[in-house]
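This briefing is meant to be read alongside the sequence and the three-dimensional structure.

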Amino acid sequence: MEQSKKITYCDAINLALHDAMTADENVVVYGLDVTDHKRIFGSTKGLESFGGGRFFSTPLSEEAMTGVGIGMAMNGQRPVHCHIRADFLLLCMNQIINMAAQLPQISCEQVSVPLTIRAVMGRGWGQGCQHSKSMHGILAHIPGIKCYLPVTPQDAYGMTRQAIMDTAPVVILEHRWLYDIEGEVQFEHGEPLAPKVVREGKDITIVAVSWMVVEALKMAEVMSRLHGVEVEVIDIRTTNPSFHAIYQSVNKTRNCMVADYDWEKCGFGEHIAYHIMKEVGHLTTHPVWVNGFADEHCPTARHLEDQFYTNAYDLIRVAEMTLGLDEADLSGEEFYS
C-alpha cells in the first residue's frame with residue numbers, strides 16, 4: 001500500500017474497513033443495507049470480496065442486531081455494526097449501555113467486547129427531527145464506552161482502525177457533510193486520540209465538535225479578515241479527551257467558547273465548558289460560552305432547519321460579543337447550509 005494518498009473522508013472509512021478485514025480474519029462488517037447498491041453512501045463498497053460470512057446485511061432490528069454483535073465480540077470476533085442514521089441508536093441503547101459497556105466490569109474483566117458501531121449523523125436534505133440527532137452527549141455520560149468524532153479523512157481512517165482493534169466498545173459518529181471532503185491520509189492508526197489544534201490563534205479559543213470544526217474554521221477566517229482577530233480552533237475528536245491542549249490554549253488566549261454539535265442543555269459542550277472553567281477559568285476574561293442546537297426538535301423545512309443548527313455566523317456573533325467588538329457586516333459572506 002502507498003504511504004499516503006489524497007482521498008475523501010468516505011473513501012478513508014472504506015479503506016480502513018478493507019485494511020482491517022485484510023489484517024484480521026475476525027473482523028466482520030454488517031448492518032442494515034451495507035450490501036445494497038448505495039453501500040452506506042459508498043463507505044462499504046467492495047467489501048463483498050470478503051464473503052457473506054464476514055460482510056452481510058441484516059433485518060431492520062437495531063437492538064437484536066447489536067446483541068448479535070456483542071455476542072460475536074464476546075466470542076473472539078471484532079464486529080463492525082453499521083447504522084445509516086445515528087438517531088436509531090436509541091433503539092439499541094439497552095444493548096450498548098446495559099450490555100456492551102458493563103460486561104467487562106461485571107465479569108471482572110474476564111469478558112471483553114471489541115465491538116465497533118458506526119453511525120452516520122448530520123443534516124442534509126430537510127430530513128427533520130428523526131434523522132438529525134447526534135448521540136455523543138448520551139454516550140459520553142456512560143462509563144465503559146468510547147465515542148469517536150472524526151472530522152478529517154486522516155481521522156476517519158485512523159479512528160476506524162483504532163476502534164476495530166480496541167478491546168472496548170467504540171461508537172464512531174460520522175457527519176454526512178464530511179463524506180465528500182478530501183485530505184491527505186497517512187495509512188497509520190496509532191496516533192493518540194487527544195484534542196488537536198487545527199488552527200493557531202492568539203485572541204480566542206474555540207473548542208469544536210464534529211462538523212462544528214468546519215464551521216469554526218470558517219468563523220476564524222472571517223474574524224481574521226474583518227476584525228484582525230486570530231482564533232485558535234481545537235478539534236475535540238473524542239468524548240474522552242485529555243484537556244491539556246485546551247488548557248494550554250486558554251492560558252494563551254484568555255478567552256474561550258465551545259461549539260457543540262448537539263443540544264446545549266445537559267450536553268457534552270457544557271461538560272467541556274465546566275472543565276475549562278474549573279481548571280483555568282481564573283485566566284479567562286469572560287465565562288465560556290456554549291453554542292449548540294436550539295432547544296427544540298429539528299424542523300423539516302430548510303429555512304427553519306437553518307435556524308436550528310448553529311453555524312459560523314452564530315459563532316462570529318458570540319466571539320464579537322465576548323471580545324467587545326462591533327458586529328461586522330456579514331451580508332456578503334457565504335455560510336454552509
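Arginine 225 counts as partly exposed, because its relative accessibility is 45% and the class covers values between the 20% limit for buried and the 50% limit for exposed. The model is predicted, and the points below begin with the salt bridge that arginine 225 forms with glutamate 333.

**Arginine 225 and its salt-bridge partners**

- The side chains of arginine 225 and glutamate 333 meet in a salt bridge, with an N to O distance of 2.8 Å.
- Arginine 225 belongs to helix H7 (residues 212-227) and glutamate 333 to the segment after helix H11 (312-323), so their pairing ties together parts that are 108 residues apart in sequence.
- In contrast to partly exposed arginine 225, glutamate 333 counts as buried, at 17% relative accessibility.
- Both residues belong to a network of salt bridges that also links Lys218 and Glu221.
- By the rule applied here, the count of salt bridges comes to 18.

**Salt bridges of arginine 317**

- Arginine 317 forms a salt bridge with glutamate 320, and the closest N and O atoms are 2.9 Å apart.
- These two residues both lie in helix H11, three residues apart, which is about one turn of the helix.
- Arginine 317 and glutamate 320 are both buried; for arginine 317 the relative accessible area is 17%.
- Arginine 317 also forms a salt bridge with glutamate 327, where the closest N and O atoms are 3.7 Å apart.
- Glutamate 327 is located in the segment after H11, while arginine 317 is in helix H11 itself, so this pair ties together parts that are ten residues apart in sequence.
- Glutamate 327 is exposed, with a relative accessible area of 58%, whereas arginine 317 is buried.

**Packing of helices H8 and H9**

- Helix H8 (residues 244-253) packs against helix H9 (residues 268-280) at an angle of about 60°, and their axes are 11 Å apart.
- That angle makes H8 oblique to H9.
- The crossing of H8 past H9 is right-handed.
- From H8, the contact is made by Ile246, Tyr247 and Val250, and from H9 by His275, Ile276, Glu279 and Val280.
- By class, the residues of this contact divide into five nonpolar, one polar and one charged.

- Glutamate 174 lies in strand S7 (residues 170-175).
- With a relative accessibility of 1%, glutamate 174 counts as buried.
- Neighbours within four places in sequence left aside, glutamate 174 is in contact with Tyr9, Ile13, Arg118, Ala119, Val120, Met121 and Tyr179.

**Non-glycine residues with positive phi**

- Isoleucine 40 is not a glycine, yet its phi is positive, at about 50°.
- Isoleucine 40 is placed in the loop between strand S2 (27-31) and strand S3 (55-57), and at 4% relative accessibility it counts as buried.
- Glutamate 109, although not a glycine, has a positive phi of about 65°.
- Glutamate 109 sits in the loop between helix H4 (103-106) and strand S5 (116-121), and it is exposed, with a relative accessible area of 59%.

Definitions and conventions
Residues numbered from 1 in each chain as written. Predicted model: local features only at pLDDT ≥ 70, side-chain atom pairs only at ≥ 80, totals over all residues. Heavy atoms only, no water. Axes fitted to C-alpha atoms, helices over the stretch in contact; angles between N-to-C directions. Helix = DSSP H or I, 4+ residues; strand = E, 2+ residues; numbered from the N terminus. Parallel < 35°, antiparallel > 145°, perpendicular 65-115°, else oblique. Left-handed = near helix turned anticlockwise from the far one by under 90°. Contact = heavy atoms within 4.5 Å. Nonpolar A, V, L, I, M, F, W, Y, C, P; charged D, E, K, R; others polar. Salt bridge = Lys/Arg side-chain N within 4 Å of Asp/Glu carboxyl O. Buried < 20%, exposed > 50% of the residue type's maximum accessible area, 1.4 Å probe, protein only.
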